[in-house]
Each structure stands twice: as C-alpha cells, then as structure tokens.
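Hi everyone, thanks for coming. Please bring up the sequence and the model on your screens, and we'll walk through them together.

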Amino acid sequence: MARFYSDAGIEELWKKSQPEIDKVIERYHEPVSQAILGVNGYLRNVTSGYLGRRFQIYIDLLGAPNQIQVRGYADDYFIVVTSSPEPQVDDIRNAYLGYLLEAPAIKYSDLIMKNRGLIDYVQNAPALPEVYKSDFLLLTTRSLIKAVESRLSKGGNRQEIVDQAFREGYILTPYFAEQLPVYEKQQEAMRITFRADQNRSI
C-alpha cells in the first residue's frame with residue numbers, strides 16, 4: 001500500500017482535490033450549523049457535547065450521489081453524505097435528533113416498553129419499515145423525532161408532518177405532538193423531562 005500510495009502520487013492528488021472538497025464543506029457548514037443549533041436550542045442540549053458522545057459528519061465525493069449513511073458505534077454517531085444538488089440538511093438534522101433522543105429512550109426503556117402492546121397496531125402499515133414493526137423502542141423514538149421535526153418546521157405544515165407520520169405507521173407521533181407544547185412552556189431539557197413524559201399513560 002505504501003508503494004502504491006507513492007507511485008500513484010496520492011498525496012499530490014489530495015492536494016489538487018482539496019479546494020473542491022473545501023467548497024463542498026463550505027456549502028454544508030452554515031446550514032448544518034444552524035440546524036444543529038436549532039435542535040440543541042429546542043431540546044435544550046449543551047452544544048459542547050452530550051454525555052461524552054460524538055456526532056461526526058463526513059462528505060464522500062466519490063460515492064453515488066444523493067446518499068446519506070448513518071452509523072452508530074457505541075456512543076458515537078457517524079454520518080456520511082455524498083454529493084447532491086442541495087445540501088442534505090434535513091437528513092442530517094434527522095440523524096442528529098436520533099443521536100440525542102435515542103440515549104434517553106434507552107435509559108428509560110423500561111417505562112416505554114410498558115406500552116409495547118401498541119406495536120400490534122402497526123403490523124399492517126405498508127409504508128413502515130419492518131424494523132419498526134418489531135422494535136417498539138425504535139418505533140417510539142422515531143415517532144418522537146417526527147413530532148419534534150414538526151415543531152421545528154418553519155412553515156405552516158406542522159400538522160401535515162404529524163398526519164403524514166401517522167399514516168406511515170408512526171402511531172405515537174400525534175401523542176408526542178400534543179405533549180411537546182407542554183414541554184416548550186417549561187425550562188427543563190428534554191433528557192430530563194423524558195422520564196416524566198414516559199410516566200404518563202399513552
């Protein structure tokens with residue numbers, strides 16, 4: 001590998017490519033920063049880090065276009081996006097919400113799983129990925145994410161987002177959408193109020 005690296009002039013190729021890579025990174029920097037700050041503000045999350053975990057974004061210009069891959073390893077989240085006409089900011093925000101909300105969901109999984117019988121209602125939902133039909137914890141977390149996305153929506157389509165999520169099979173999204181205005185009126189972070197919300201009867 002070392003010989004190939006040298007013979008192919010990989011270092012020089014990287015140097016030539018760096019200006020174009022920097023341009024793509026610049027396109028993402030401002031909108032992604034704003035999206036992350038918006039989520040942190042809404043969930044009242046500390047922007048310097050969350051419980052020692054990492055959320056990292058990589059741009060792969062050699063991959064097939066319009067792709068986003070999300071991988072979680074232990075406490076770390078890695079996002080890989082490929083080239084696209086417009087920055088895939090909404091997908092990155094969605095992944096970041098998962099990064100922040102999956103941890104408290106797992107922490108209080110015993111409370112969430114008390115309602116696991118509700119998963120029976122999604123077995124015939126054609127638009128719902130199979131993984132959510134067998135994992136109630138994931139279904140609950142994803143329903144909450146979609147509800148939060150509706151609250152973060154800048155247009156007047158909040159209810160449309162909730163209704164669409166429900167039609168797809170995320171049956172707890174309407175419940176969370178009703179509860180989020182209550183959360184917004186108090187000062188605690190989402191990770192703190194999460195337990196209290198799960199203690200309520202769904």
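This is a predicted model: local features need pLDDT of at least 70, side-chain atom pairs count only at pLDDT 80 or more; totals for chains, interfaces and linings use all residues.

In what order do the three strands sit? The order is β1-β3-β2, in an open sheet with mixed pairing. β1 and β2 stand at the edges with a single partner strand each, so one side of each has no neighbour in the sheet. On average, neighbouring strands here are turned by 15° against each other, if we ignore direction.

If strand pairing is new to you, here is the background: strands of a sheet pair through backbone hydrogen bonds, and they can do so parallel or antiparallel. In our model, β2 (68–73) and β3 (residues 76–82) run antiparallel and are joined by six bridges. You can look up one of these pairs yourself: Y73 has D76 in β3 as its bridge partner.

Now for the helices. Which strands does α2 lie across? It lies across β1 and β3, and α2 runs at about 150° to β1. Helix α3, residues 89–107, lies across β1, β2 and β3, and runs at about 170° to β3.

In soluble globular proteins, nonpolar side chains tend to be buried together. The largest nonpolar core in this model has 49 residues, and the members that touch the most others are L43, F55, L101, L139 and V148. Several elements give two or more residues to this core, including α2, β3, α3 and α6 (136–152). Which element gives the largest share? That is α3, with nine residues.

Let's zoom in on V148. Leaving aside residues up to four places away in sequence, V148 touches Y42, L97, L101 and L180.

Last stop: the loops. Find R44, in the loop between α2 (10–43) and β1 (54–60). Its phi is near 55°, a positive value in a residue other than glycine.

You'll find N66 in the loop between β1 and β2. With a relative accessible area of 46%, N66 is partly exposed.

Technical notes. Residues are numbered from 1 along each chain as its sequence is written. Side-chain values use heavy atoms; hydrogens and water are left out. Helices (H or I, at least four residues) and strands (E, at least two) are DSSP runs, numbered from the N terminus. Buried means under 20% relative accessible area, exposed over 50%, partly exposed in between (1.4 Å probe, protein chains only). Two strands pair if DSSP finds at least two bridges between them. Axes are lines fitted to C-alpha atoms, for helices over the stretch in contact, and angles run from 0 to 180 degrees between N-to-C directions. Contact means heavy atoms within 4.5 Å. A nonpolar core is a set of buried Ala, Val, Leu, Ile, Met, Phe, Trp, Tyr and Cys residues joined through side-chain atoms within 4.5 Å.
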